[in-house]
Amino acid sequence: FLGNTEVEAPKGTEVVKDAVRKLKFQRHIKKSEGQKIPKVELQISIYGVKILDPKTKDVQHNCQLHRISFCADDKTDKRIFTFICKDSESNKHLCYVFDSEKCVRVFFPATEAQRM
């Protein structure tokens with residue numbers, strides 16, 4: 001899990017690209033300081049996406065489906081995928097960025113099929 005960052009718009013590939021670039025830079029800094037990138041578990045359902053601690057199963061983030069406005073994979077790095085969700089407390093749009101060990105096609109099969 002690279003993290004989340006506030007974005008100005010609820011959707012758009014450029015919005016996502018900027019968020020990925022920002023969070024990758026932050027990851028690079030954290031790695032150089034010896035910090036590990038946290039692993040998370042995603043729980044995806046008809047209600048939304050929960051981001052869980054893989055060991056304790058504590059919910060770190062709970063993104064309700066009706067608040068998710070955009071999702072995309074990274075065209076240059078197929079392990080990166082993102083979604084934008086409107087925060088229920090602050091009402092700000094947050095972009096959540098993930099770096100998967102597997103290709104994103106596993107997570108977004110419909111998106112892959114639409115490109116063909």
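Analyst: Strand 5 (residues 68-73) and strand 6 run antiparallel and are joined by five bridges. The model is a predicted one. One of the pairs to look for is Cys71, whose bridge partner in strand 6 is Phe83. Six residues lie between strand 5 and strand 6, and the two strands form a hairpin.

Strand 6 also pairs with strand 7, again in the antiparallel sense, over seven bridges. Here Ile84 stands opposite Cys95 of strand 7. These strands belong to an open sheet of four strands in the order 1-7-6-5, with antiparallel pairing. Its edge strands are strand 1 (3-7) and strand 5, each of which pairs on one side only. From one strand to the next, the twist averages 20 degrees.

Next comes the helix on this sheet. Helix 1 lies across strand 1, strand 5, strand 6 and strand 7, and runs at about 135 degrees to strand 1. Helix 1 covers residues 13-32. At 1.5 Å a residue, its 20 residues should span 28 Å, and this agrees with the 28 Å between its end C-alpha atoms. After helix 1 comes Gly34, which has a positive phi, near 85 degrees.

Which residues of helix 1 are buried? They are Val15, Val16, Ala19, Val20, Leu23 and Arg27. Seen down the helix axis, the buried residues fall within an arc of 125 degrees, so they line one face of helix 1. The buried residues of helix 1 pack against strand 1, strand 5, strand 6 and strand 7. On the face turned away from the buried side are the exposed residues Arg21, Phe25, His28 and Ser32.

Arg27 has a relative accessible area of 19%, and it counts as buried because the limit is under 20%. Leaving aside residues up to four places away in sequence, Arg27 touches Leu2, Ile37 and Asp99. Phe25 has a relative accessible area of 55%, and it counts as exposed because the limit is over 50%.

The largest nonpolar core has 11 residues: Leu2, Val7, Val15, Val16, Ala19, Val20, Leu23, Ile80, Ile84, Cys95 and Val97. One of its members, Val15, touches Val7, Ala9 and Ile84, with residues up to four places away in sequence not counted. A second, separate core has 10 residues, including Phe1, Cys63, Phe81 and Cys85.

Strand 3 (residues 48-52) and strand 4 run antiparallel and are joined by five bridges, and Ile51 has His61 in strand 4 as its bridge partner.

That leaves the whole chain. Its secondary structure comes to two helices and seven strands, in the order β-α-β-β-β-β-β-β-α from the N terminus on. Of the 116 residues in the chain, 31% are buried. Among contacts between residues at least 6 apart in sequence, 45% join residues at least 24 apart.

Terms used. Residues numbered from 1 in each chain as written. Predicted model: local features only at pLDDT ≥ 70, side-chain atom pairs only at ≥ 80, totals over all residues. Heavy atoms only, no water. Buried < 20%, exposed > 50% of the residue type's maximum accessible area, 1.4 Å probe, protein only. Contact = heavy atoms within 4.5 Å. Core = buried A, V, L, I, M, F, W, Y, C linked by side-chain atoms within 4.5 Å. Pairing = 2+ DSSP bridges. Axes fitted to C-alpha atoms, helices over the stretch in contact; angles between N-to-C directions. Expected span 1.5 Å × (residues − 1). Arc of directions from axis to C-beta.
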